[in-house]
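I opened the notebook to look up a few things in this model.

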Amino acid sequence: MTAAVGKQEWRIDALAILAIIVLGAFYALWGAAHATDRAFAIQMWTALAAFLFGGAMLIGSVVRPNPADRESRYENGVIKAGVIASMFWGIAGFLVGVIIAAQLALPNIFYFEDFGWLNFGRLRPLHTNAVIFAFGGNVLIATSFYVVQRTCRARLAGGLWSWFVFWGFQLVIVLAGTGYLLGITQGREYAELPWYTDIWLTIVWVAYLLVFLGTIWKRQEKHIYVANWFYLAFIVTIAMLHIVNNLAVPVSFSGWFSYSLFSGVQDALTQWWYGHNAVGFFLTAGFLGIMYYFIPKQADRPVYSYRLSIIHFWALIFLYIWAGPHHLHYTALPQWAQSLGATFSIMLWMPSWGGMINGLMTLSGAWDKLRTDPVLRMLVVSVAFYGMSTFEGPVMSIRAVNSLSHYTDWTIGHVHSGALGWVAFVSFGALYCLTMWLWKKRQVSHALVEWHFWLSTLGIVLYITSMWVAGIMQGLMWRAYNEFGFLEYSFVETVEAMHPYYLIRALGGVLFLVGALIMAYNLWRTATGKDPAVERAADVPAQAVAAE
């Protein structure tokens, strides 16, 4: 009876996914045939190829299922794929970042007049989306699937749906990246995706939510661990933000251009309600889920204060959603709304630093491990950067400070202190852990992890300090007046003054990229190595658990 039910569930998930793939393929073929412009046609042919590839993979998995998938207590294959994809997209995103930093520092060398798709205007959104959504998104999906199974003691719900989430998200990334190079964009920060990619991302994200919720629903552990709270908040809130901010009317179903349902100051407020909370829930709440699982596991210590983690969660969730208007100081947005955003941003100090203290104090009694465990050191340093960037952000939301910092490279330095120091470091630590735990191998080279840590740390320091100095200097030069009441400096003079700092920023990016390449090599050597690690009790095959 149980086997029959399992077989029926298998057929239902496969047929539902196949129906989605067939519908997507038909639309892609129709769109390619009726495209109103070349860029849309290329996007549709790309989507069609992806759907055909996905259909072939689906049929293959049904006709010839892998028996090893059922021997494991948990679904590990999709997480392994997520680790590989995370590393691939991370290196791609860092590389594009180095290229555009070089273009700003040395435009005479890195400006390609005959190849417009390789210049800053096209590559900059490609870089931001690659590192945030391609690298960060794959890390979040992989770690959330790993954590929810272990903390719930239940296999991922939905059968093949977890693989649909993974491959569907890769299609979003490919359509986004090729689209930006072709000039397809809505012009909305962190939300440049065209309307058809937005719809596909919504379908994938709903499937992600259902898989995650279904796993929690069938859990064998009564308690829902706090990391899952943060992951669930991230998934639900990003869905809401994405749908509302991207409400739009396409000009034609055979073209990529669309008009937003919002206009004027309402459009700006909606965009930065989304933009700031993409940072708050995608780059903060989701990665706090990583912090609350991987630091205690790697340190072999319980969370310092579980009660504090719950307070951290609810305070962060209630406060963060209101902070977006501080991006619109000195604009047409009513001042009461600007002040509301600044007020809630300042209030965010308390839960943010409460979470930082909780993460750092988890090492109580285990601080000596930082000398010998570079992976744990990377995880802990990420929490320190989290504390620093969540101090700097509220300061920059104050109107008087914002009048100096806004539109300058100070903001770029702030964003990268959080993105490189907090998000990337906690992701790197999680990927090191997952590679050892999933492939059941020992770390091949601690020395390479040390090299990665120090090169990346030096790169981050060079990057953010150069942008702090450049940004503050930039803001002061813009507001300097002479005795006649005229501007003291022209715009070109401010750009010239920042040139040395742009060179330093590019060097910092190169060091960070080299560190990531070292990490990729180390992970590959670890996964393919011959030195097995001790198998974790949580990963023992289901048959062995049943026999006990």
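My entries follow, by topic.

**Ground rules.** I am reading a predicted model, where local features need pLDDT of at least 70, side-chain atom pairs count only at pLDDT 80 or more, and totals for chains, interfaces and linings use all residues. Numbering runs from 1 along each chain as its sequence is written, and side-chain values use heavy atoms, with hydrogens and water left out.

**Cysteines.** How many disulfides does the structure hold? I found zero, with a disulfide taken as two cysteine sulfur atoms within 2.5 Å. For Cys-152, the closest cysteine sulfur is in Cys-433, 20 Å away, so it is too far for a bond. Cys-152 is buried at 0% relative accessible area. Cys-433 is buried too, at 0% relative accessibility.

**Helix 2.** I took helices as DSSP runs (H or I, at least four residues), numbered from the N terminus. Helix 2 covers residues 38-63, 26 residues in total. Its first and last C-alpha atoms are 38 Å apart, close to the 38 Å expected at 1.5 Å a residue, the expected span being 1.5 Å times one less than the number of residues. Its buried residues include Ala-39, Phe-40, Met-44 and Phe-51.

Key. Buried < 20%, exposed > 50% of the residue type's maximum accessible area, 1.4 Å probe, protein only. Helix = DSSP H or I, 4+ residues; strand = E, 2+ residues; numbered from the N terminus.
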